[in-house]
Amino acid sequence: MNPWTMLTCRWTARNLDAYLDRALEEDQRARLAQHLERCLRCQRSQRRAAAIRSALLSLRPSADRDALERLQTTVRDLAGSGS
Amino acid sequence: MVPWRPRSFRDAISPVSDGHTSRPPRGMGSAATPGLEDVTLTSTVTTNEADVPAPGAGGLDFTAVVSAELDLMLRVARDLTGSTADAEDVVQETLIRAHHGWERFDGRYPRAWLLTILRRTFLNSVRRTRPALLEDDWNLDHARPAFGSSHQQTASAEEIALDHAYDPATMTALRRLSPDHRAVLWLVDVEDLSTREAALVLGIPEGTATSRLSRARSRLRAFLSTRGAE
C-alpha cells in the first residue's frame, strides 16, 4: 500500500463517524466516498461501523402505547383549554 | 462495574444553562440559543424578533408540534427516570409547562425546546439526584433484542455474521462503557437525538457531548472487536 493511500485510510477512519452522521462538508463527503469505492479495508470498517449503528438503533425500546394515549389526551385537553 | 465518577455526576445534574450559553449551537445559528435557554415560565423575554405581536411559537400549532415529539419525550423521560410510571408523570408535567410557556416560545427547534423543559421538570419533580442513564448498574432489560429480520434480508453474508456477533455483544459492550459515555451514545445512537439535543438532556456543553460520543463509539468498536467480531 502506498503512503498516500495509508494517509487517506487514516483520514477516512477519523472521519467515518462524521460521514455516517452525514455531518461532513460536501467536498469531504465526496472525497471519503471516493476512497471507500477503492479501498476494501475501509469498506470493511464502514460496514462494521454501520452494523454497530444498526445494532444500537434496534435496542430502542418500543413505545408504551397506553401511556402515549393518555399523554395525547392531555395534549388535546391543554390545547382545548386555552392559555 | 464501572467506577463512580464524581465529575460526571456534577456534569449530569448541572443546570442546562451552565457551560454552553455563550456558544452558539453548531448548525443552528446563534439566534437559537436564547430561545432554547429561555424556557422558564417566569421569563418576560420577547422571542419574536419583530415588534409586531405574533401567535405563540411563531404560529405553530401546539397539538401538532407536541404530538410529534410525544414518543421521544416519553422514551427520554424513561431514560432519565429509569421508571415507566415516573416517565409518564414527568412528561405530563412537561406538557403543562410547555403549554404555559407556548406564547413565549419562538417556534424554533421545538424538539430541543421540549427536551429542555423535560430535563428541568425531571430535575424539579423527581426525587433523583442522577439520571438513570448515568447509573453504574444501568441495564438493558427494557430493550428489545438486537437486529430485526428486515435488516438481515438485505445484508451481506459478512454483515449477517457481524450482526449475530454483535447481538449479545453490543449490550455487553454498552455496559462496559463509562456511564457518561454510555449516556451520550444511548441518546444519539439509540434514541436518535442530535448531539446538541443529547447535551440539553444531560445538561452538558455540546462540545463535551461531542467528545464523549466520539470516545464512546471508538470504545464500543474496540470492545466489540476484542470479542471476535473482526
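Contact is taken here to mean heavy atoms within 4.5 Å. The model is predicted, so that local features need pLDDT of at least 70 and side-chain atom pairs count only at pLDDT 80 or more, while totals for chains, interfaces and linings use all residues. Residues are numbered from 1 along each chain as its sequence is written, chains are lettered from A and ligands numbered from 1 in the order in which they are written, and side-chain values use heavy atoms, with hydrogens and water left out.

With residues up to four places away in sequence not counted, B:Val91 touches A:Leu71, B:Leu70, B:Met73, B:Leu74, B:Ala77 and B:Leu118. B:Val91, B:Leu95 and B:Leu220 have the most contacts inside the largest nonpolar core, which has 56 residues. A nonpolar core is a set of buried (under 20% relative accessible area, 1.4 Å probe, protein chains only) Ala, Val, Leu, Ile, Met, Phe, Trp, Tyr and Cys residues joined through side-chain atoms within 4.5 Å. Helix H3 (residues 62-81) of chain B gives the most to this core, with ten residues; helices are DSSP runs (H or I, at least four residues) numbered from the N terminus. Another core, of eleven residues, lies apart from it and includes A:Tyr19, A:Leu24, A:Ala33 and A:Leu36.

A volume is the space filled by probe spheres set on the grid points, which are joined across faces, edges and corners.

The largest pocket holds about 1000 Å³ of space. It is lined by 34 residues, of which A:Asp17, A:Asp21, A:Ala23, B:Thr195 and B:Arg217 are the closest to its centre. H1(A) gives the most to this lining, with eight residues. The lining of the largest pocket comprises 14 nonpolar, seven polar and 13 charged residues, with Asp, Glu, Lys and Arg counted as charged, Ala, Val, Leu, Ile, Met, Phe, Trp, Tyr, Cys and Pro as nonpolar, and the others, Gly among them, as polar.

H3(A) gives the most to the lining of the largest cavity, with four residues.

Note on methods
Helix = DSSP H or I, 4+ residues; strand = E, 2+ residues; numbered from the N terminus. Buried < 20%, exposed > 50% of the residue type's maximum accessible area, 1.4 Å probe, protein only. 1 Å grid on protein atoms, 1.4 Å probe; cavity = no way out; pocket = protein on both sides within 12 Å on 5 of 7 lines; lining within 4 Å.
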